[in-house]
Amino acid sequence: MNIEYMTKVKENPKINNFVNRGFSEEKIQKIESKYNKGKKFQKAFREFLFLAGDFNNFGFDDIDGIIELQELAKEELEMAGQKVEKPFFAFSVYNSQYSVIFLNETKEDPRVYLVSPFLAEGGKIPLVEPNGWEFTALVNEHIHRVKNNIPF
């Protein structure tokens with residue numbers, strides 16, 4: 001796969017003794033088939049999956065794996081009585097706030113949003129809100145912080 005967006009991930013395969021593990025292109029196609037009706041994910045996200053989708057060294061929550069994260073996000077939305085109308089893919093979770101990309105976005109480097117099923121319950125905050133980052137910039141910031149021991 002030709003890497004255009006995830007150059008920092010490619011340049012930093014190992015940080016603090018943690019090594020990125022990616023998915024094969026065949027596995028990415030299977031994930032796209034299951035979660036995006038066979039349509040290709042945006043290029044930046046495909047590169048992320050290829051280089052570090054199975055495990056990453058820059059702080060995205062992947063203890064149980066990115067595939068399991070999709071099911072957890074859907075379960076929490078259902079438990080909170082919430083529904084997100086657009087198709088999304090979650091790639092990180094912190095305190096029940098999911099970082100997601102919307103799969104129907106046409107930009108090759110998609111914007112990142114936060115989905116907060118339980119915090120939105122009762123109207124405390126919006127269910128979906130932009131977090132102000134494009135995917136590549138967020139990944140690069142995480143790599144910078146991990147390498148320089150800067151808290152998130």
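1. A friendly place to start is one helix: Glu-141 and Arg-145 are 4 residues apart in helix H6 (residues 135-147), so about one helical turn separates them. Their side chains meet in a salt bridge, with 2.6 Å from N to O. Both partners count as partly exposed: Glu-141 has 22% relative accessibility, and Arg-145 has 23%. Please keep in mind that this is a predicted model.

2. Now for the overall picture. The protein chain has 6 helices and 6 strands. Reading from the N terminus, the order of elements is α-β-β-α-α-α-β-β-β-α-β-α.

3. How does the radius of gyration of the protein chain compare with that of a compact globule? For 152 residues, such a globule would have a radius near 15 Å, and the chain has 15 Å, so the two agree. The C-alpha trace spans about 45 × 35 × 25 Å along its principal axes. Of the 152 residues, 44% count as buried.

4. Back to charged pairs. Side chains of opposite charge can pair when their charged atoms come close. The structure holds 8 salt bridges. Among them is the one between Arg-21 and Asp-54, where the closest N and O atoms are 3.3 Å apart. This pair links distant parts of the chain, 33 residues apart. Arg-21 sits in the loop between strand E2 (18-19) and helix H2 (25-35), while Asp-54 sits in the loop between helix H3 (43-52) and H4. Arg-21 is partly exposed, with a relative accessible area of 45%; Asp-54 also counts as partly exposed, at 32% relative accessibility.

5. Which helices does the salt bridge between Arg-46 and Glu-32 tie together? The side chains of these two residues meet at 2.6 Å, N to O. Arg-46 lies in helix H3 and Glu-32 in helix H2, so the bridge ties together parts that are 14 residues apart in sequence. Are the two partners buried or exposed? Arg-46 counts as buried because its relative accessibility is 9%, under the 20% cut-off. Glu-32 is buried too, with a relative accessible area of 2%.

6. Asp-64, Glu-68, Glu-71, Glu-75 and Glu-78 form a negative surface patch. One of these residues, Glu-78, lies in helix H4, which runs over residues 66-79. Glu-78 counts as exposed because its relative accessibility of 67% is over the 50% cut-off.

7. Where is Gly-122? Gly-122 is found in the loop between helix H5 (117-120) and strand E6 (128-134). At 82% relative accessibility, Gly-122 counts as exposed.

8. Arg-46 and Glu-32 come from helix H3 and helix H2. Arg-21 and Asp-54 are both in loops, and their pair links distant parts of the chain.

Terms used: Residues numbered from 1 in each chain as written. Predicted model: local features only at pLDDT ≥ 70, side-chain atom pairs only at ≥ 80, totals over all residues. Heavy atoms only, no water. Patch = residues over 30% accessible without salt bridge, like charges linked within 9 Å, V, L, I, M, F, W, Y side chains within 5 Å. Areas by Shrake-Rupley, 256 points an atom, 1.4 Å probe, with all protein chains shown as cover. Salt bridge = Lys/Arg side-chain N within 4 Å of Asp/Glu carboxyl O. Lys, Arg positive; Asp, Glu negative; His and termini not counted. Charge placed at Lys NZ, Arg CZ, Asp CG, Glu CD. Helix = DSSP H or I, 4+ residues; strand = E, 2+ residues; numbered from the N terminus. Buried < 20%, exposed > 50% of the residue type's maximum accessible area, 1.4 Å probe, protein only. Rg over C-alpha atoms; globule rule 2.2 N^0.38 Å.
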